[in-house]
Every structure is written in structure tokens, then in C-alpha cells.
Amino acid sequence: MASPKSGTITAYGCAPGQTIDSGTSFIAVDEVPLLSLHTAVPPFRDLQSGMRGRDVAALNAELRRLGYAAPDGDAMTWDTILAYNALADTVGAARLVKDNGWTLAKDAYVWLDGQSVTIRSCVAGIGASIDVKSELLTTDSQSQSVSVTMPQDEVVAGDRVLDVDGRMVDMPQQTTAITDSSTLAALLGSDAYRQASGTAESSESASDGASDVTFTLQWLLKTPIDVWSLPPTAFYAQHDEQACVVSDGKPVAVTVIGSRLGRSMATVDSGVALGKVRTNPQGGKPCR
């Protein structure tokens with residue numbers, strides 16, 4: 001976890017295994033406490049009244065989660081400023097004031113990659129001189145990654161999105177591991193992970209050993225495709241996923257992408273819509 005400020009550390013509350021919650025403070029630089037705050041989008045620019053964006057929406061959302069009356073939207077408003085100042089006052093952090101143009105600078109707080117993070121090791125200490133981006137401490141989440149395993153029978157090409165408790169998270173094709181901090185925070189905070197990790201922890205306690213956590217999430221293609229549900233007998237000249245069907249009396253090339261409940265799912269290579277499909281096309285003509 002990096003420092004957003006340069007100066008001398010005058011207060012430092014750090015111990016391995018301790019948690020840091022969003023909306024609190026564990027460090028002061030030059031006698032000014034720094035707010036620790038989680039936002040789904042890391043701070044990358046200074047925010048002023050009237051600005052819009054995903055980062056503003058993330059700030060508003062976290063302020064509301066912490067119990068402050070920030071607006072529900074992606075606009076930086078006077079209510080956002082009042083909500084942030086109310087939170088800053090609880091730890092004695094710097095407020096947004098007229099002299100700084102009511103601006104929330106990108107270095108105003110220590111960004112957390114989760115609503116609550118666990119300290120792995122303490123790097124700094126009281127009296128230490130630090131620069132911007134100096135390491136303050138390390139957290140468990142900094143060393144974590146999530147391995148991605150798709151079903152072996154998946155043949156549909158294209159980027160996916162994962163459904164994480166109703167939030168859609170991008171997962172580009174060929175992804176094998178997720179290390180992005182905001183995505184990790186979403187995955188490791190999901191109901192599926194909590195349920196699976198609870199089972200794993202019970203198993204680990206019983207065996208007194210390490211345990212990987214495996215959990216399953218639903219995925220969707222980022223760009224939808226048309227899929228036809230057909231009886232397996234409708235296909236002929238099949239080789240691996242490639243096959244032919246007879247639609248409205250004409251041979252049509254298709255790609256079989258899976259099966260479910262006795263039906264096979266296929267896409268049409270040319271993209272045209274299927275008509276009346278023959279269920280037992282004996283002697284069908286080649287389609288390729």
C-alpha cells in the first residue's frame with residue numbers, strides 16, 4: 001500500500017493481522033491524519049464540483065455505504081463535498097475547503113483495494129520520512145490472485161463477463177488469472193467466495209493444513225450470439241464441433257457449442273436464421 005503524500009510519519013497504527021476498514025485512518029503525515037478509503041475505481045485525477053465519471057460514482061457509492069448523504073449518481077456535487085467532509089472530520093483528515101477550490105485531490109487519501117483489508121507486514125514507522133508512492137505496508141490482497149478455469153467443453157470464442165452478485169466484471173478471452181485489485185475485491189467479497197471459503201476454512205482447521213478455495217460464478221458472453229437448440233439427430237457430417245443440418249431443404253454449416261437436457265446448442269456459421277430443420281437428414285448434401 002503506497003503513500004499518497006510526502007513528509008514525516010507522526011502516527012502509525014500498524015500490526016500484522018490487523019484490519020484497516022474504509023473510512024478510518026491508520027497513519028498521520030506531518031501531524032495530519034490520512035483517511036483510508038475504498039473506491040471501486042482507484043483515484044487517478046483531482047475531482048471538482050460538476051465533474052462526472054466512474055470514479056465519481058464510486059466515491060459517491062462508498063460515501064453512501066459508510067452512511068453519508070452523498071448523491072446516487074456519477075456527478076460530483078455539493079452533497080458529495082459535504083459527505084466527504086463529514087467523513088474526514090471523524091478522523092481529523094484534511095477537509096475540502098474554499099482555499100483549494102473544494103477539490104478532492106487524487107492524493108487526499110490512502111486508497112484501499114477493498115472495504116476492509118488485512119495487514120500482512122508493516123514497512124514504515126513513526127519518524128520515517130516518506131515520499132509519494134513510498135510503501136507503507138503490505139496487505140493480504142496484494143499477494144492474491146484468482147485463477148480462472150473455464151469448462152473443458154467450452155468452444156465459443158469471445159470475451160466474457162462474470163456475474164459477481166449482480167455486478168458484471170469483464171473477463172477477456174484466454175484469461176487464466178485475475179490480479180486487478182478492484183476486480184479481486186469484488187470476487188473475494190462475493191457471496192460465492194464467502195460460502196466456499198467458509199467450507200475451506202472448516203476443512204483447513206480439521207486437517208491443520210493449507211486449503212485452496214474453489215468457487216463458481218456464472219459467465220455470459222460480452223457480445224451475445226444467436227444459439228439454436230436442436231435434437232442431436234439433426235446433425236450429420238459432424239467432425240469435432242463442425243457439422244451440417246438441413247434447413248428449409250438446404251444444407252447449412254453449423255458449429256455445435258454444447259448440449260443440455262438432451263438438446264444440442266449450435267450457432268450458424270453464416271449467421272443466417274434457421275428455418276424448418278430436418279430431424280433425420282439421411283443422405284444430406286455437404287454443407288462446406
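Mentor: Helices (H or I, at least four residues) and strands (E, at least two) are DSSP runs, numbered from the N terminus. This is a predicted model, in which local features need pLDDT of at least 70 and side-chain atom pairs pLDDT 80 or more, while totals for chains, interfaces and linings use all residues. Residues are numbered from 1 along each chain as its sequence is written, and side-chain values use heavy atoms, without hydrogens and water.

Trainee: Is L82 buried, partly exposed or exposed?

Mentor: L82 belongs to helix α2, residues 78-91. Buried means under 20% relative accessible area, exposed over 50%, and partly exposed in between (1.4 Å probe, protein chains only). Because its relative accessibility is 44%, L82 is partly exposed.

Trainee: How many residues separate C14 and C122?

Mentor: C14 and C122 form a disulfide (sulfur atoms within 2.5 Å), with a left-handed link of -100 degrees about the S-S bond. C14 is buried at 18% relative accessible area, whereas C122 is partly exposed at 30%. C14 sits in the loop between β1 (7-12) and β2 (19-21), and C122 in strand β6 (residues 116-122), so that the pair links distant parts of the chain. Their separation is 108 residues.

Trainee: Which handedness does the link of C244 and C287 have?

Mentor: A disulfide joins C244 to C287, with an S to S distance of 1.8 Å. C244 lies in strand β16 (residues 242-247) and C287 in the segment after β18 (263-268), so the pair ties together parts 43 residues apart in sequence. Both cysteines are buried, C244 at 3% relative accessibility and C287 at 18%. With -75 degrees about the S-S bond, the link is left-handed.

Trainee: Which pattern do the disulfides of the chain follow?

Mentor: A search of the whole structure finds two disulfides. With bonded cysteines counted along the chain, the pattern is 1-2, 3-4.
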